[in-house]
Structures are given as C-alpha cells and as structure tokens.
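I opened the notebook to record what I looked up at the contacts between chains. The entries follow in the order in which I made them.

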There are 4 protein chains.
Amino acid sequence: MPIPAPVLYPPFNIVRLSHVELVVTDLAKSRAFYVDTLGLQVTDETPDTIWLRAMEERGHHCIVLREGETAVARDLGFKVFSEEDLDKAAHFFKSRDLPVEWVERPWQSRTFRTRDPHGIPLEFYARMDRLPPIHQKYELYRGVKPLRIDHFNCFSPNVDESVAFYNEIGFRVTEYTEDEETGRLWAAWTHRKGGVHDLAFTNGRGPRLHHTAFWVPTPLNIIDLLDLMATTGWVSNIERGPGRHGISNAFFLYIRDPDNHRIEIYCSDYQTVDPDLEPIKWDLKDPQRQTLWGAPAPRSWFEEGSLFEGTDIVEPSLAAQPIVAP
Amino acid sequence: MPIPAPVLYPPFNIVRLSHVELVVTDLAKSRAFYVDTLGLQVTDETPDTIWLRAMEERGHHCIVLREGETAVARDLGFKVFSEEDLDKAAHFFKSRDLPVEWVERPWQSRTFRTRDPHGIPLEFYARMDRLPPIHQKYELYRGVKPLRIDHFNCFSPNVDESVAFYNEIGFRVTEYTEDEETGRLWAAWTHRKGGVHDLAFTNGRGPRLHHTAFWVPTPLNIIDLLDLMATTGWVSNIERGPGRHGISNAFFLYIRDPDNHRIEIYCSDYQTVDPDLEPIKWDLKDPQRQTLWGAPAPRSWFEEGSLFEGTDIVEPSLAAQPIVAP
Amino acid sequence: MPIPAPVLYPPFNIVRLSHVELVVTDLAKSRAFYVDTLGLQVTDETPDTIWLRAMEERGHHCIVLREGETAVARDLGFKVFSEEDLDKAAHFFKSRDLPVEWVERPWQSRTFRTRDPHGIPLEFYARMDRLPPIHQKYELYRGVKPLRIDHFNCFSPNVDESVAFYNEIGFRVTEYTEDEETGRLWAAWTHRKGGVHDLAFTNGRGPRLHHTAFWVPTPLNIIDLLDLMATTGWVSNIERGPGRHGISNAFFLYIRDPDNHRIEIYCSDYQTVDPDLEPIKWDLKDPQRQTLWGAPAPRSWFEEGSLFEGTDIVEPSLAAQPIVAP
Amino acid sequence: MPIPAPVLYPPFNIVRLSHVELVVTDLAKSRAFYVDTLGLQVTDETPDTIWLRAMEERGHHCIVLREGETAVARDLGFKVFSEEDLDKAAHFFKSRDLPVEWVERPWQSRTFRTRDPHGIPLEFYARMDRLPPIHQKYELYRGVKPLRIDHFNCFSPNVDESVAFYNEIGFRVTEYTEDEETGRLWAAWTHRKGGVHDLAFTNGRGPRLHHTAFWVPTPLNIIDLLDLMATTGWVSNIERGPGRHGISNAFFLYIRDPDNHRIEIYCSDYQTVDPDLEPIKWDLKDPQRQTLWGAPAPRSWFEEGSLFEGTDIVEPSLAAQPIVAP
Ligand SMILES: [Ca+2]
Ligand SMILES: [Fe+2]
Ligand SMILES: [Fe+2]
Ligand SMILES: [Fe+2]
Ligand SMILES: [Fe+2]
C-alpha cells in the first residue's frame, strides 16, 4: 500500500486551508463572477484588488482577486494554530532547504512564504483580522450561497512525493486512487480540519492549481447556480457536473472563472477527525471513482489548470490515464 | 409559424394521459427496476403481469408490465371525461378511417383501441377502478418517490403531421422546436391536463415510444435515485442527466429499464390551463433548448426508442439534426 | 354525506382563480413585503397602485396593491375560458338576482363585478394582457421564488351554502371537514384548475378573506423565506408553520402582510383533473387534519381575516370549534 | 463576560463525543423507533442489547440500547486521541478526586468511567472496533438518513461551573446565553471536533441528559421524518420543530423515543476549528435565540430530560426563566 502512516504529532500544527490569491486580467469581470454570480462577499476593495469571504467565515478573506497581466495563482494560504507553530513551520521549511520569506500581508499578522518540494507557493500565518458574523444575515445570501472555502486541488507531477511531503507535516490521507499496474498513487485527498480534504493532488503536468472549492448547504444551491449561470451569460463557464463523486461522496459542480481558474462547488462530504480513520482506496480504472453515477469527466478537466506564478512545470512521472469523456 | 391555432372545443374531451403497457422479457428483473428501485406500487400481480400506480394516483394502473418474447410498447392509454366522450372519440376515429376495436381491459370500463395516422396504438376509456389514497402513507414511499405519470414522448417521422392530428383532438402546443431552414417542426410538446405536456413528439425514425415520464416532488429525489441506482447495479441504466431542460424548464433524468424502455424522471414544469397560453418557440440550433446548462444529449437519446407492437416504422421526412454529444 | 355531486357541465367555464386587489395603508411598506421579501415581480406601478405577477405567470397581474385608508380586500378575480363564457356568467349571476356591473379594469378585457350569495365580491374576465415569460430569467428570482397564485381561502358563515353555490358553477370539492355532530360542513376545498383548490371555505364570521396562497418550488424555498423574514424585521409577521397540512398534503407557511392580510406559501398538493375524483373527508376533531405533524394552529389563524370592501359580516351558523393552540 | 478563555493546550486530547448507552423499557419498541423510523443501522444485537451506528460512522456504535426496568441514560462516551491521552485523562480525573474505574466495554479498547463534578457519568476510550464504510450503500438509507452522532446536551444545575470544568479539558465555547441581570450563564455550547458543539449545557434541574443529536444531510430529510412519524403512529413523539435555532443556526427537530429520551435531528451548523473563533453571545430574553423564526419552545422542552443512572439531581442555582410557549 502506497499510503504512509499518518503523522499524528506533526512538527507544527496547521489548522486548515485559508485563502488563495488569484491574478485575474479583468477585475470587473471577475467581480461579476465571484460576487454577483457565486455570491461571495466583498470585505475590502481597491482599484486593483478585491478581498472576499464566504458567508460563515469570520476571517477577512478566502479569495483575493488581483488584477494583472497574466492569469496565475499565487500562494496557497494556510492558517496555523499559534505564533509558536508559525515559527516551527518556518524552521521546518528552512531545514528542508525550502525558501522562507517573511512578507507583509494586509489583514494578516506575521506571514511567511515558502514553496513545497515541487515548487507550489505556500504562505502560512496564525492570525487574520476577524470580522463580525454574517451567517445569519440572510438578506446577503446570493448565488450559490457559499458558506466557506473547503479545499485546494493541485496537479502534481509526482503524487507519491506530494503525499509523502504533506503527510510529514500532518495532512492525513482520507481517500486515494492507485494505479494497479505500477502500485503508484494517481490521486490523493488529505485533510487537516476534519473533512475529506484541505488539499488534494491529481497526477498531471505540474505543479498547477487544479481548483479551489467552496462548501454550500445543499445540492439545490448548486442547481440554483446552474440555472443562474445558464441564463446570465455564463453557460460556457460550466465545465463538469452536477454529479456525485465516488471519491469523497461529494455532490459537485466545476465551473471556470473568466480567466479559466477552476472553482468547485461542493457539498456533503463526511467527518474525518478520528486519528484511526482508514483511508479508502479506489482503482484508477473504476469509472465510479470520478462520478458515482458513471459519467466521465471531460478532457479539459484532466488537462487544464492554473499556473502558479513563477513556477516551472514538468510532465508527470506516471503515465497512467483515467477514463476521459469522448 | 408552423403551430396551428389550438382547438378549444375539440370533438371529444380527453382528460389526461393515463397508462401504458410495456412488454418486458424478464418480469422479475423489471419488478426490481420499477418497484424496488423507482418505487412504484404494485396494485395487482399475476404470474405474467404486474399493474403499478404512483403514490398520488387513485386509478388502478399507470404502468402495466407484461412478460413477453419481445420488448415492445403497447397502447398509449388516455382517459376521457365521460362515456359520452368515449363514444364521440370512437366516432371521430372511425370517421378518419382509423381502426376502432372495443376491447376488454381489466379494471377499466368500456375501452377501445385505435391508432393515430402514423400507427401509434392508442386506447381510450372513461372510468378505471379507483383505489384508496396512499399519498399520505409515507412508509410506502421508496426510490424516487414517483407521484404520478406525467407524459409520453414519441418519435414521429413527421412532427408537423403529428401535431396537426393531435391538435385537432384538443392537445394544445406549449413549446416547440422549429428547424429554421425548412420552417418545419422538429419537436413539439402538447397537453390536455394543464401541465407542459401529456404527449410530445420528436423528429425521428418512427413512430416509436421515446419515453414515459414520472413526476416527483423535488430534484433531491432524482439525486437520491441516482445514488441508489449507482450503487445497486443499475449504473449503466443511467442514460442522461440530471439536468434542466430549456424546453419545459423541467429538471430531468433519463434512465433505461432492463429492456431499454426509457423512463424520464421529472419535476418543476409550469401551469398551462389558460386557453390563450402562448406557445414558446425554440430554435433547433439552440443548445440550451435540450439542456439549459449546455450539456448535449448522448447519441442513444436521439436514436433509440421502444417499438410499438405491430407497428411499422419509417425514416423521418425531416433530415435536420440537433447537437449530439461527441 | 354533505358534499353535492360535482357539476361536470357547469353553466359557464371558469378556468382558474386569477387575482385579487388588496387595499393597503402604506404602499412602500407593502412593496417591501411583496416585492423585496416575497419576490413578486412588479409589472406596473403608479403612485398609489402596484401590479404584481409571480415568476411563471404570463398574465399581467395576480396581486394589485392599492393604497387606501382602510386595509380591505376587494374582488376575487377569476378568468373564464372565453368571451362567450363571460356572457354566460353574467347571465347566470343576473338570473340569481346577484348584482352584475361591467367595469373598466386596466390590462383586462371586458370585466364584470358581482357578489356571491354571502356578499363576497367577485370579478370575471376572459382575457388579460399577456407578458413575456420570465420563468427562465433566474436572475430575477428573489425571496420565496413565488411561481404562481394558487388559491383563495374565505371565512364563510355557512360553508354548506358556499359549497352548494360554487359547486353549481363548477367548482369541484377535493377535500372537506365535517362536523360529526351536526353532519354539517366545517370547511371545504374546491377547484377548477386541476389542483387541490382554487377556492376554499372555512367556517367563521364572514364572509372574509382568510388568505391568498402562492405556489413555490420546494419546502426549502419556504425555509429560505423564514430565515429572511426572521432577520429583516418581519419575524412577527410569521403566523403559523412551517408544517404539512393533513388536508391537501401541502407543505405550508402562513405569514401576514403589513396590514395583516394573510398570505400562504405553499407547495406539494396533487393533481385533481379526474372528473371521478373522490373527495376526501376529514373529521373536525382530527388534529392531523390541520397539521399532519400534530401542532395546532394559533387562535389568530381561526379568528382573523381581511374584510371585503363594503361587505357586512355575520356570525357563522355552525358553532363547532376545532382544536386551537393554547 | 462569563466565558473563560479557551484552553488551547488541554491536559489530554478529546477527539469528539462518541456514544451513549440508553436504558429502555421495551427493546422491540425502541428498535422500531431507532432502526425502522430514524434509520440507524444495527451493528450487533443480543436479546437485551442493540448497538447502532449512523450512515457515515465507521466506529462500531454511537447508541447502545439496553433493556432495563427504568429508562435512564448511562455514560456519555468520548473518544480520545491516543492511549497516552487516555492515561493522561484518567490521571486528570483522579487528580480532581473524581472516580476512575476501568471497565470492560465490548468493541472498545481500554475504557474508564468517571463523573464530572456534578455527577454526569462519562466514559473515555481511544480505540473502538472499526467497521467497513456504508455511506455509499444507498440502499441502506432509511428514515431521516442519520449520518453521525453530533452532540449531547445536558441540564446543568450550574452552567458556569459546567463550562469552567469542560473548558479546562479543552472544550471551547462557540455560543452562549447570558442572564443579563445576574451576569451568569444560562446555556453554553462547547466543542472539540470543529462544529458548533460536542457538548452543551442548559440551566435546569440536573444533571440530566436533555438530548442526543444526529446530523442529517438537509432539512428535507427532517421533513421526510416528520411525514413518516406522523403517519406511522409516532405523531405524539414529535415535541418541537421543525425550526431554525438562533443559536448555532441549525435547522432542528426534537422528538422523543418510546421512553421519552429526547433525540434531536439537526443540520447546517458551521465550522469552528479556528482557535481564535469568537464565541457568540445571546441574551436570555431574545426570543430568536431559541428559534430564529420566533416560535417559543414548549414547556416540556425546558423541564423534561433523562436521568443519569445512579445520579442525584438538584435544583439549578440560577432562577432565570426563558420564554415558554403558553
Ligand atoms: Ca447539507
Ligand atoms: Fe475538489
Ligand atoms: Fe419528457
Ligand atoms: Fe390555503
Ligand atoms: Fe442540540
């Protein structure tokens, strides 16, 4: 079995995924997508940047949209438990000869940037400005009623290596897809916060950001979003779904923002806080792995993703292919 | 515009579609599909026949499954308002040189069989045995919680002719698809009972039965059915969906029974009782006509259907083609 | 049994309930309720009047709000099948010595006002201005996503008499509540359009308008409305529910507008087009009649209602009382 | 402010609430309630005991029903992170002069019983037998589709004391109700696993178990349960709801089992993993605290609860009263 034993006492305590900054080429158009269509709430706004949060979040931002020349993803942000954990984290990355750069981030306390061994840009912090709750301000709910950021999914050129690294810093694998022939990992879902994942990896040219996911209350909110997008000029931004994943059992929809950054809308995974939770293994050849109901994903879903700023990508070392829609 | 004016005072009063008999090759397997999976209720059963009703129906049957050598559809059944309407109907069909044969049908009062001009077998009756209500016996609800039979959809080799005929006997067109080049009808939805349709026609080799549809409470029941079918051996019987039709605005799922008879599960159309309701026109080239969210239907959906017993089929006179999934 | 046989060939053909004009004392406040909170669409507006339609309606109005000194209900509006039916209707009311007054109604063709034997003001017309469909303009959906007006419910001082009169003009009883001791009707639900009701009567001081009901897609829309009202200053306008009626099996919520006109939000009744549909009888003492789940209605629900303009009210002749919440 | 600062590094690590044993007087009747009506899955069964799990749980049991003379609740079970945490926990309770008794529990590894300072019986363990996943065996879903045990709620004679004690062992307060006059706590919600609560306290005669809650997918599952209970003889076991709590924002229903043990069905709380999450304060006089939509809870809900076996109860030291339904 290719899954390492979980590290139950990791070198520092990551609480959860937190936020990501996306470079977009037309801020007004991206605002129409994220605010007017998805329903995220603007917490601050300047001529070239918009900070957003979802309805149950009290931290200042989960998505930062910044206008730029080239649509790329910047750092994947993670919240650690304490300032002490932050220092331990910096120490850990330095000890692995990974770059640690302390940066200024508005609305975040001490923050450092680093990269994982494949080059994914990461940032860590312990405290972000807290905002008053709005989850019971029902007049603000719009679009898909996004409740919180749920996870990142990245293309990795070597999923075994990605899992080994993140496992070491405490991400626990909940489900994974194995290539039967080589015994290697094709994909893996790993968590910190007690759901199916904070961070997942899919075999592919990378590292690239495959998608950022938001949690919504019920499948009907996803149907509402489909109806809205289909009749307000966003129909071609619907990429895949709705459907039920075999893996994670989530009800899902994949959409693309105006720069093709991929967003997943998501509900109904399960609780994974038990330290003895057994990971669930799926065979790459099992079509219900992708979609429990049988429909294969389109080619774009397997091939396209957002580049990380300043990060070179390489072909995956594993050549195995899943079932792709014709 | 190719749609004839509605005939508001037709020669006889059809209340609604009522039932259909499907010949199936393995009654036990069909029972597993219709009863154990869809959740229809058995009202009577013999070694070779099962009568079924949906949860809010008080008539004895909406589907009759009869074991036979070859999977075909038999008569499309319609309920007329009164015995007087039944006699008027028989008179009408005779006057068109269409065959009228009075038949014995268990649990139905006087019933005659006939055919439409393309050969679709029809049967008409005024009274069927009434059963006690079960719509509040919630312990009986299973599967997709089917509430009532909703409509038939048939392949027609000439939709203009089909619409002209059924229009004359009072079916009113609610929505239709026109081929812009020829100005001919590619599909039409027609109703008697005040919803979007009792009977629809799609251009194609025919006449054949494209599908029989059931009404369910909400899209979540359709998602429940998908989850159930996907995990009880019926995953390959899921053909298309879930999705929202542009036409009719219905949330739909198409599935195939063990003999490939197609069943649609359906909710959320709209009320059409106004005699001055304007039909809605769709362009054959509009991909949102099929699926508001943009996904094209698979080839099987355009090509496959159930033969009517003893009925020859011909190629359609209109060659125009819709968008088909690759 | 106190229910008369249905009149299947009534003297004129009423298609459905259509609209009602409500006099309100503060038009801006009523707009906030009906438009901003419920989500009805404004079709026309003057300084003292607002015309509204629901999302799937193509007729110009289902609710007319008119500012006035005293909050009352005006005519209950019904659409008839044809101009000929309209003349037959006028003739019928005249033959019963009921007042027939031809009036000008904007956006309606020929319209007459009359009263039923207890004095309920009614208006009849055959054609109303038709508007383009908006049911697929999903960006317009707000609040509870009202799809269409569904029914009126009136206090009647003598439900037996009300049923006898409306039965004669073709309203068919679907369900009713009988007082076991006297054998008299305590309440009745009657329809024209093929659902559980267009018009219902409840025993009480009257005639008064008990409520006007709107149809919505699913119970979740009703929960959304509750959350919205509860957090935007309308919490005290929530009167009863949510719950499931025993009678009609509908999922319901009763709310009060700023002038205490009562609105019901409603989904999941059943189809009643069969002319041989058997009415369902309920015992006044059965608590599940009101609410299947057992909770009794509050006193206000049994006692309060809107006066009809210029209409005297009398005490009911039947003294029987249902179960009231303590 | 009466809420102590959270103890972020508690003396031992509790993962989550785990299970409770309920003594019931008629095991067959309780089986009909928990298995046939709620839809919990039997994992083992003897003549006098039934072990149950919910659909996404892999641990062997979350509810143990044991037949006995007197309906009482036994130990509230909690899972700790490791065997080492278990020993630390035992040491902690001994150091507080609380009883620690190591006991045999089938399907659990080393387990000890203890009591909190008010006498609530508790048990702690680190490992329970793990069962194969069934969350994708959709043919097994029944009733309300319970996904997992969510929390316990107890009457406490002194909520300030209860919160102080559990805060010390790492339970973090998410929301609380304060009595404005005395500045004392009337109720508090505390968590370990990252939701609104694992354990809550309500002021009252105690200690007693107020309720045990289960998490379900959507409000529609709760409506399904209401319809089922209302029509299968359980209507009088429906105590309160459905409704939305102000506190926790959960959609809820309270029902009573055949021995009056109270069960809550629950969905839609929010994620609370942030160590700097601010507790939300509610005023005891705010009626929307109980039910966002305004309806007060019935008297039974404030007064009735399950005794803990062998535990004396006392009157609460705080006399303040919430709003009770008349
Ligand atoms: Ca949910
Ligand atoms: Fe994902
Ligand atoms: Fe259809
Ligand atoms: Fe009503
Ligand atoms: Fe609770």
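How many salt bridges does the count between chain C and chain A give? I found two salt bridges between chain C and chain A, a salt bridge being a side-chain nitrogen of Lys or Arg within 4 Å of a carboxyl oxygen of Asp or Glu. In one salt bridge I noted that the side chains of C:Lys145 and A:Asp224 meet at 3.1 Å, N to O.

On provenance, I noted that this is a predicted model, in which local features need pLDDT of at least 70 and side-chain atom pairs count only at pLDDT 80 or more, while totals for chains, interfaces and linings use all residues. Residues are numbered from 1 along each chain as its sequence is written, chains are lettered from A and ligands numbered from 1 in the order in which they are written, and side-chain values use heavy atoms, with hydrogens and water left out.

I then looked up the extent of the interface, and found 11 residues of chain C in contact (heavy atoms within 4.5 Å) with 11 residues of chain A. The area buried between chain C and chain A (accessible area, 1.4 Å probe, that two parts lose on being put together, summed over both) is about 900 Å², with 62% given by carbon and sulfur atoms. Of the area that chain C buries against chain A, C:Tyr138, C:Glu139 and C:Thr231 supply 42%, more than any other three residues.
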